[in-house]
Amino acid sequence: MPQLKAYHRPTTIEKALQLLNRSGVTTALVAGGTHAIPQLSENVDEVVDLQAIGLTGITVGEQLVTFGAMVTLQAIADELQIPQSLREVVRRESASTFRNAATLGGVIAAPHRDSELLAFLLVSEAQVTVQNQNGQQALSLESFLRDIPAALGGGIITAVSVQTGGQIATDRVARTPADRPIVAALARKSPDGNLRLALCGVANVPLLVDPAADIKAAINPAGDFRGSAEYRRQMAALLARRVLDVLRD
């Protein structure tokens, strides 16, 4: 663990940005702390805790839900006005003890390769709102995950918007039903009939894949103790076919 020199708990976004962008100080952001704290670099001088800045609202529209970045996963799982499919994916993301602390913004800012929640957000056309010292901008989750430091630009995630219309299909392989997936496929058929497909467990972060593509050729997974590269490639192709078949029927 690093030898921290200071801990900050700002109450406004503006103060948080000021603390993050000081010269000569290496600062780490903490939201719920479930991802950031265990991975703090030895080079970190100070921590900025975002838990006092708000951003915990959930706004439910007809086909769009907007979450404040500091909404906990448990709050999403408990919100009866959002689709059951999203609530189920959130419950699979982590155990209840972690869901009570982990935030949606934290899951996005510190992505895991096997996150079914991120895959769900990708197929649901999620937009990530970032605020930095240059102002506020919204960008697709796919673009955000492609280069997180560049997308943040010294700023913080303030909101996440998700399309809720259409149909969702999911499938996964895991060591046990309670485990995080080795590979998972999630697909969505939008109200206008467009298909989107996302895979997790086949790259550094979950990724969108063209539903019409040759899945085995489109991915280049790395193997580990849970599954070889070839196993992940084969499972991705199988699971993708299954979820797409469900939505095409």
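Student: Where does Ala 213 lie?
Tutor: Ala 213 lies in the loop between β12 (207-209) and α9 (215-218). Helices (H or I, at least four residues) and strands (E, at least two) are DSSP runs, numbered from the N terminus. This is a predicted model, where local features need pLDDT of at least 70 and side-chain atom pairs count only at pLDDT 80 or more, while totals for chains, interfaces and linings use all residues. Residues are numbered from 1 along each chain as its sequence is written, and side-chain values use heavy atoms, with hydrogens and water left out.

Student: OK, switching to Thr 158. Where is that found?
Tutor: Thr 158 is found in strand β8, residues 156-163. Thr 158 counts as buried because it has 6% relative accessibility.

Student: Which residues is Thr 158 in contact with?
Tutor: Leaving aside neighbours within four places in sequence, the contacts of Thr 158 include Ile 13, Leu 55, Phe 67 and Gln 136. Contact means heavy atoms within 4.5 Å.

Student: What about strand β3, which residues are buried on each side?
Tutor: Strand β3 covers residues 46-49, with Glu 46 and Val 48 buried on one side and Val 47 and Asp 49 buried on the other.

Student: How many bridges join β1 to β3?
Tutor: Three bridges join β1 (residues 6-8) to β3, and the strands run parallel. Tyr 7 has Val 47 as its bridge partner in β3. Strand β2 (residues 27-30) also pairs with β3 in the parallel sense, over four bridges, and there Val 30 partners Asp 49. Two strands pair if DSSP finds at least two bridges between them.

Student: Zooming out, how many helices and strands does the protein have?
Tutor: Ten helices and twelve strands.

Student: And what share of the residues is buried?
Tutor: Of the 249 residues, 47% count as buried. The C-alpha atoms fill a box of roughly 55 × 45 × 35 Å, taken along the principal axes.

Technical notes. Buried < 20%, exposed > 50% of the residue type's maximum accessible area, 1.4 Å probe, protein only.
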